[in-house]
Amino acid sequence: MPLVLLVMLPAAAAVVLLLRGRRTDAAAPAIAVAVAVIDLGLAIVAAIARPSAEVTALNSIPGAVAVDGLAAIAMVTVAAVFLAVVVFACGDIGRGEARSRFFGTMLLFVAAMFVTVTAVNIFTLLAAWEIMGATSYALIGFWWSEPGKARSGLIAFITTRSADVGMYVAAGAALAAGAAGLNLARLDEVAGGWRDIALAGLALAALGKSAQLPFSFWLSHAMAGPSPVSALLHSAAMVAAGGYLLLRIEPGITATGWLGPVVAWIGALTALLLGAVAVAQRDLKQLLAASTCSQIGFIVLAAGVGGVAGGATQFVAHAAVKSLLFLVAGAWLAALGTKNLLRLRGAARTHPVAGITFTVGALALGGLPPLSIWVAKDQILSAALPASTALYTVGLAAAALSAAYSAKALAVIWTRPASVAPLDVRAGRIPVSELLPLPALAIAATVLGVLGVPPLAAAWSRTLGTPDAPTSPPWEFAMSATLAVTVIVLVVWWQHRRLTRSDELVADTAWLRDWLKMEAGIDVIVVRPIRALSAWCSRFDDRVLSQAVTTVGSAVLRLSRVVNARLEWAIAAAVAFVADGARRLATAAVRPQTGLLHQYYDQAIVGMAVLVAVFILMR
Amino acid sequence: MLSIIVFLPAIVAALLLFVPRKRVRLFPWIWVATSAVDLALIIVAWTGYIVGTGTGFGYEENVRWLPMLGSGYHIAVDGFSLPIVALTGVLFLACAVYSLREQRRTRSWVILFLFLQTVSLGLFVSLDLLVFFVFFDLSIVAMYFIIAGWGHPGAARAALQFFLYTFVGSLALLLGFIGLYLASTPHTFDMVQLVHQDPLKGDPVVAGIILFAISLGLAVKTPTVPFHTWLPPAHTEAPTAGSVILAGILLKMGTYGFVRIAMPILPQAWRDYALVFVIVGVVSVLYGALVALAQTNLKRMIAYTSVNHMGYIILGLGAAGLATGSNVQASALAVSGAVTQMVSHGLLTGALFLLAGVLYARGGTYDIGAYGGLAKTVPVFTGLMAVAVFGSLGLPGFSGFIAEFQIFTGSLGSAPVPTALSVIGIVITAALLLRMFQRIFLGAGQRSHDEAPPAPQASMKDVFSREFFAVAPLLALSVVIGILPAFLLHVIDPAARALVALVGG
């Protein structure tokens, strides 16, 4: 029951808000906050009670949801972040905006997200999964009249849906493999090639949704949406859902034998390369987006090497940290009108609450011990170490990069502006509702690290139903801690010096800033060939297929004309000839009929003579 | 009961012939009332069918008609026909509501549509090949007059092409039917008896030839690539209600013919040539989507997405023929998905064509590039189009997803590569539908190229209530099927299982 309510309440509120449209603009924020509060309570109840629910959908494939340890953790995380984001949005999405549409879509999203994390089978999962994608499209394009926004939404939607093809295939493969009711938990039990295809398909969909390589570029476009959307969908919830799904199907991934390393390497490389992309950004939201890909890369890496406990910790810690950072970025965007890093110089000094909470979040993101992400990342790295030293090394390098981009942002917001800008430009105030959720998230970002401390870590693993996370050797902790601290200090110093000297950003590399030119690559490899093929097919359709039918039609017409002109004429001529001949014969036949008796006798004699002649000759 | 449902519209049409012309303003309302009563009767029949056995044939009527030809007036409904019959009732009512303001030769318009409704219903309930064929040809005749009489300027040519093309197709169909008749002993046109006899069991060559003839006729009507070229011009030139019925109902006559005639009567041949249908299906899916992507005319675009959507149906039915014994459950799922797709496509494409008509009524063109930023001036229209677009691209929560998910999931095991390829179709359709939506409704509303003067957008009126009440119920029904599909699938499932048992050997 709590589970059904948890989903139906936001869904029902969403339907009302979306159908009523602008008429409920005034009431929308209150409704959304109320639903978010109740949902957080329901999520906690459901996490403890572990209910399940089922509804008849397709024949032999029900729509089914259930709460296990992993789902419980994700549910509470999402509900908490949702509440924080919705409170923030009450201030951020102002009175003149289409609030009903905004909050309605957000509520629809969160309902779909709850179904995603609790889905029992692929059918239920895919249904919720694609609705999340559609709400993401609608929210990125929330300001649809501004040029480019809707296009950004389209790119995000189409890219993730391309990866979702994998999930459709997975459903068919699971059925062919004989996984009863397409149950996700049973995938590791069936054997054979179909199982591998099913798991690979699910993994593909997960990588697309999580903006892993080579799909990452869509997340850059997703930043066109309002900041609360970036804070919820495009960091803590929907994007993380891909990593979450990989954790959920981890037993199956391990069972295939080959998929684990593939997934782990994609995660590790995304963590590394997108970490580098984040370092090179000039735009705060773009920096955070690239960092999201990189951080979720660690969850993906965890799923690939069987480190479910560490992956779950990272899911929770990253949700708190990244939603906090996006909210602060959004608050500054609203107050200062910019997300350009150079123009945000000194922002922490003019807006101390935002600045301090941002600092806490950025330090956590950079992996500063003992904050949450440091703990999570270490859990993951210690799971990767026995699997492959190379993986571990790449992971460690990615961790160093996350320290670097966090430090870069920190240095920028705390460095005093070169010249004192006019006050009225810089002093946009941040409304209370936007500040309200920040401290809570900052506290969560700080203390969630306790999940990795031994007594709690054991309980955490038990909750998840996985074996205890392997404990790293002490040198591992020491090394990653030293690395993080060193990099943060160095980059802060370097960036600060660069700012004060020449007002420039460090690591300003164009191809990295362009997200590795991924989009251009996809454009050349996929989009343009499809466009060309489409144009070719269209011409073929008009000039060949359609023309062929017309040609057959006109050929019949031409034939009929030929028949008309030639054959008909010939037949008519022949008929005329026969008629003519008959007429002439008749005229000729009439001539002997003279009426004179002696001439008849002459004719009879000639006739007789002919007959006699014939008689004699024929003998 | 069933005969009343079928012939009520025609009887009303016949009576309307005697109503004086000056009462013409009543005609649209009489049409609405007739279609509403007919739909109510269909709902009663549906309820009765479920309360009764819920499987096999219901409301069966079998009257001697041409006994020397072994043909009778044999009609009934089952899990395949009932959903399509209900769809027919819904779509004709929607068209009736939409046409409430039709000014041009209203009398003939109403009478033609009532006649066409009887023809459509009759086709879907007939269990006799000759009766089926008569309705099949009459539908072409009625639609010819609708397109030619009320269409846009190029309608005469498009209507003629439509008529000749599908009529030639129907001749192939007739040849196939005659072949079946000659093969059966005793000679009969009765579908139930033919299924029972399985007359061509031991003769794969003749069975193949007859399947080819029947499939050719049905493929033209469906239409599948490469027999689809009559569809885009017919849709582009047809009046709105004509497009709705053409896409929503007449195309289903083709796909319905496969599940009603081709598959059960020629099961062995279907198995032998299943791969052909799978390939035709996947080519229609991808080719239809790709050509649609290149279109700039809204109606042509929707027409090509119809080719794409029909392709999924053929794919699912073909895959059911490829399945081996162990995949019975999957095949039933694919067939059930194919029938769901017929209903879903009728609702959603019907809605899209109605909305295209709404757009044309305001802007006077179907050219997508002539519009921009309409969401500002016509929010309700925009909302309806957004829902229709998302439904059409197969978003969960709509009927299209239920249909396509079943088709893909049920087909993949039997035809892995074609199915995986055709899943790509949903990505392309998503891209093209959303792109169309964005161009017409979103953005600032300023066109960069100024060779074409933009349609009068500032003064554009939002949907009128008759337009709203024609479109909204179709979308609502699609959502109901998308969220609570069980009521529909429980009707389809027994029929799908029975068919799979036949085709599966």
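A residue is called buried when its relative accessible area is under 20%, exposed when it is over 50%, and partly exposed in between, as found with a 1.4 Å probe on protein chains only. The tour concerns a predicted model, in which local features need pLDDT of at least 70, side-chain atom pairs count only at pLDDT 80 or more, and totals for chains, interfaces and linings use all residues. Residues are numbered from 1 along each chain as its sequence is written, chains are lettered from A and ligands numbered from 1 in the order in which they are written, and side-chain values use heavy atoms, with hydrogens and water left out.

**Stop 1: helix H12 of chain B**

Select residues 274-293 of chain B, which form helix H12. Helices (H or I, at least four residues) are DSSP runs numbered from the N terminus. Of the 20 residues in H12(B), 14 are buried, so that under the cut-off above the helix is mostly covered. The expected span of a helix is 1.5 Å times one less than its number of residues. For H12(B) this rule gives 28 Å, and the end C-alpha atoms are 29 Å apart, which agrees.

**Stop 2: the second largest pocket**

On a 1 Å grid over the protein atoms alone, a pocket is an open set of points with protein on both sides within 12 Å along at least five of seven lines; a cavity is a set where a 1.4 Å probe fits but cannot get out; lining residues have an atom within 4 Å of a point. Grid points are joined across faces, edges and corners, and a volume is the space filled by probe spheres set on the points.

The second largest pocket holds about 1,500 Å³ of space. To centre the view, select A:Leu154, A:Ile158, A:Val527, A:Arg531 and B:Ala431, which lie nearest the pocket centre among its 48 lining residues. H6(A) provides the largest share of this lining, 10 residues. The lining comprises 30 nonpolar, nine polar and nine charged residues. In this classification Ala, Val, Leu, Ile, Met, Phe, Trp, Tyr, Cys and Pro are nonpolar, Asp, Glu, Lys and Arg are charged, and the others, Gly among them, are polar.

Now colour chain A by domain: domain 1 (1-245), domain 2 (258-513) and domain 3 (522-611), with bounds from an automatic or database domain assignment. Because domain 1 and domain 3 of chain A both give residues to the lining, the second largest pocket lies between them. The C-alpha centres of domain 2 and domain 3 of chain A are 87 Å apart.

**Stop 3: cavities**

The whole structure contains six cavities of 30 Å³ or more. For the largest, with about 100 Å³ of space, select residues including A:Trp374, A:Lys377, A:Asp378 and A:Leu396. Its lining has six nonpolar, three polar and two charged residues, and H17(A) gives the largest share, four residues.

The second largest cavity has about 50 Å³ of space; its lining includes B:His309, B:Gln341, B:His345 and B:Glu404. Here the lining has one nonpolar, nine polar and one charged residues. H14(B) gives the most, with five residues.

**Stop 4: backbone features**

In chain B, find the loop between helix H8 (204-221) and helix H9 (231-237), where B:Pro223 lies. The peptide bond from B:Thr222 to B:Pro223 is cis, with omega near -20°. B:Pro226 lies in the loop between H8 and H9 as well, and the bond from B:Val225 to B:Pro226 is cis, with omega near 5°.

Next select A:Ala507, in the loop between helix H23 (474-502) and helix H24 (510-513) of chain A. A:Ala507 has a positive phi of about 50° although it is not a glycine, and its relative accessible area of 28% makes it partly exposed. B:Arg105 lies in the loop between helix H3 (81-98) and helix H4 (106-125) of chain B. Phi of B:Arg105 is near 40°, and at 49% relative accessibility the residue counts as partly exposed.

**Last stop: confidence in chain A**

The mean is 92, and 98% of the residues reach 70 or more. Confidence is lowest in helix H19 (residues 423-426), at a mean of 47, and highest in helix H4 (residues 99-118), at 97.

Note on methods
Helices (H or I, at least four residues) and strands (E, at least two) are DSSP runs, numbered from the N terminus. pLDDT is the predictor's confidence in each residue, from 0 to 100.
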